[in-house]
Amino acid sequence: MKEKVVLAYSGGLDTSVIVPWLKENYNNIEVIAVSVDVGQKDDFVEVEKRALAIGASKFYVVDKKAELVNDFIFPMLKSGAKYENEYLLGTSIARPVIAKALVEIAIKEGASYIAHGATGKGNDQVRFELGVKALAPNMKMIAPWRIWSIKSRKQEIEYLKSHNIDLPFKEGVTYSRDENLFHISHEGQELESPANTPKYEDVLQWVLPLEKSSDIAEYVSIEFEKGVPIKLNGEKLDGVALINKLNEIGAKHGIGVIDLVENRLVGMKSRGVYETPGGTILYFAHEELERLCLDRDTLQAKIKLSHDMAKLIYNGQWFTKYRKSLSAFVDETQEYITGIVNLKLYKGNILLNGMESPYSLYSEDFSTFDEDTVYNQQDAEGFINLFGLPIKIESLLRK
């Protein structure tokens, strides 16, 4: 009986090479191709035809869009996680749900191996394999890029030609892209040097360059319930539809593009351009609502812990006890993050346009610059004396 391997299959160059390579190098092993639908704009009918044509015995497409949003993206949004203060983790957050789908098919098929096309230089090899270790600890992994003799895209193309396999794209160099419903990333070409200006007219797939974005501002309102966005402009939408709609709106106004040099887990720096229009709007609105509804100590503790959450997601540690513990803390903080945030969008900018919540901790009675009857300003003198006492004592000793 043949052994089976479940391959994370996109239909692109890498995985088109991997299917025949696995059969050649693992005693004609049965290759089961799995495409996980996380919102990428692929024609899965064509992807299936290609997989079967180049030697896969079976093809699965697994729809994980709703699970990605509800069980991964929204918990990340509630945590405020941003890797190195800027990256909204669009690629990173999709990896655990893809790993989960691969494990589910591998168990169903009785496969001995899971294979992926991530390179030995990147973060995704870690993310996929840590996900598999957490969910199927005895599953064996195959990572061709770490073991085969192929060293470049050019050699991959030569391999396909030598096997009479059509290329999955028009020959020529292009950007390396990763897409899901939350974002799209771009690497390679001129982006390999931080000194180069991105050719945005070629790079951007979703978001309009600022010069071409709408000249008319747009106003939107987002309603949250316990930290989760549930309505857009008064219309109740499921998570997938809400993000898709915000992507369209944000893209029209040039919102959500970053050009980032980041520190990869494996030790090197990399540079990419990321488009996350809807996610950028959601993060902004959620953060502002938290400022309104969270007490000072909880908000500040949450901001500090958001950096740990970002590292866990970036490093592929979603299924760890620490990540689950942080999410439990986050969920507690979100109990009163309910309300409506109004925004103005214009030329890449997001401006707060008023917000309200039944759990707002803002008190106009206390904060007013006009006369009030609830705050005795003389109380501040004693507070300052006590709060500043350590400073005063140290200063006296030094003198």
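**Exercise 1: A strand and its sheet**

Ser-176 lies in strand E6, and the model we are exploring is a predicted one. Work out which strand pairs with E6, and where E6 sits in its sheet.

*Solution.* Start with the pairing: E6 and strand E7 (residues 184-187) run antiparallel to each other and share four bridges. One of these links Ser-176 to Glu-187 in E7. Next, widen the view: the open sheet has four strands, ordered E6-E7-E12-E11, with antiparallel pairing. Strand E6 (176-179) and strand E11 (257-263) are at the edges with a single partner strand each, so one side of each has no neighbour in the sheet. On average, neighbouring strands here are turned by 25° against each other, direction ignored.

**Exercise 2: Two serines compared**

Decide for Ser-92 whether it is buried or exposed, then find the class of Ser-176.

*Solution.* First, locate Ser-92: helix H4 (residues 90-109) holds this residue. Its relative accessibility is 1%; buried means under 20%, so Ser-92 counts as buried. Ser-176 has a relative accessible area of 40%, which makes it partly exposed. Now for contacts beyond four places in sequence: Ser-92 touches Tyr-87, Arg-127, Ile-313 and Tyr-314, while Ser-176 touches Ser-185, His-186 and Glu-187.

**Exercise 3: Reading the record**

Find which residues an unreviewed UniProt entry marks as "binding site".

*Solution.* The UniProt entry lists Tyr-87, Ser-92, Asn-123, Arg-127, Ser-176, Ser-185, Glu-262 and Tyr-274. Of these, Tyr-87 and Tyr-274 are included in the lining of the second largest pocket.

How values were computed. Residues are numbered from 1 along each chain as its sequence is written. This is a predicted model: local features need pLDDT of at least 70, side-chain atom pairs count only at pLDDT 80 or more; totals for chains, interfaces and linings use all residues. Side-chain values use heavy atoms; hydrogens and water are left out. Two strands pair if DSSP finds at least two bridges between them. Helices (H or I, at least four residues) and strands (E, at least two) are DSSP runs, numbered from the N terminus. Axes are lines fitted to C-alpha atoms, for helices over the stretch in contact, and angles run from 0 to 180 degrees between N-to-C directions. UniProt positions are given in the numbering used here, feature names are shortened, and annotations may be inferred rather than shown by experiment. On a 1 Å grid over the protein atoms alone, a cavity is a set of points where a 1.4 Å probe fits but cannot get out, and a pocket is an open set with protein on both sides within 12 Å along at least five of seven lines; lining residues have an atom within 4 Å of a point. Buried means under 20% relative accessible area, exposed over 50%, partly exposed in between (1.4 Å probe, protein chains only). Contact means heavy atoms within 4.5 Å.
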